[in-house]
Amino acid sequence: MGTIKEDVNASADWMSRALQSSGYRADFSPSSLWEIDRFFDEQTHNGEGKPGGLLSDGVGQRIFGLGAYIGEVVRRTTGGEWAGNDSDPKVEVNFELRLPDGTRCWPVQRVMKRFKNGAEDGIAAWDNGAGLQVGPRPEPPQKGFLRKLFG
């Protein structure tokens, strides 16, 4: 395990690849944050991972990766830098993103709230409120038979 900054960058890239391999668009664009909300909508129920779903095990690592991903979307769009105390036993939750305008945010804590509270703590709305232009919520992808015919 490296420094928190190294871990954040590696985890954000890992999460992007993992999400893409599972059918989510995770290209670090602001609009991809809607995909994080879709991920939570599809993979959680009442503050828990759905049985057999992508959050049914390894939740801590995946929550960290999702936090790193959403933070990297913000950082790559607006600038800023990661900060964290590597000697803090809870650095994976407490690391922060410091934006050029002085704003500080804690992406993993936001992801934890989204996981626990559901759509009321949406990721895209949070980042839109922070000044990112995430655009309108996209239509959900077609599934099953119709997707095979028309997708």
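Asn46 is exposed, with a relative accessible area of 69% (exposed means over 50% relative accessible area, buried under 20% and partly exposed in between, with a 1.4 Å probe and protein chains only). The model is a predicted one, in which local features need pLDDT of at least 70 and side-chain atom pairs count only at pLDDT 80 or more, while totals for chains, interfaces and linings use all residues. Residues are numbered from 1 along each chain as its sequence is written, and side-chain values use heavy atoms, with hydrogens and water left out.

Asn46 sits in the loop between β1 (44-45) and β2 (48-49); strands (E, at least two residues) and helices (H or I, at least four) are DSSP runs numbered from the N terminus. Its phi is positive, near 50°, in a residue other than glycine. Phe28, also not a glycine, has a positive phi of about 70°. Phe28 belongs to the loop between α1 (4-21) and α2 and is buried, at a relative accessible area of 13%.

Helix α2 spans residues 33-43 and includes Arg38, which counts as buried at 12% relative accessibility. A polar atom of the Arg38 side chain lies 3.0 Å from the backbone oxygen of Gly23.

Helix α2 packs with helix α5 (residues 107-117) at an angle of about 35°, the axes being 10 Å apart; axes are lines fitted to C-alpha atoms over the stretch in contact, and angles run from 0 to 180 degrees between N-to-C directions. Asp37, Phe40 and Asp41 of α2 and Val111, Arg114 and Phe115 of α5 make the contact (heavy atoms within 4.5 Å).

Methods: Polar contact = N/O pair within 3.5 Å; in protein donor to acceptor, adjacent residues only side chain to side chain.
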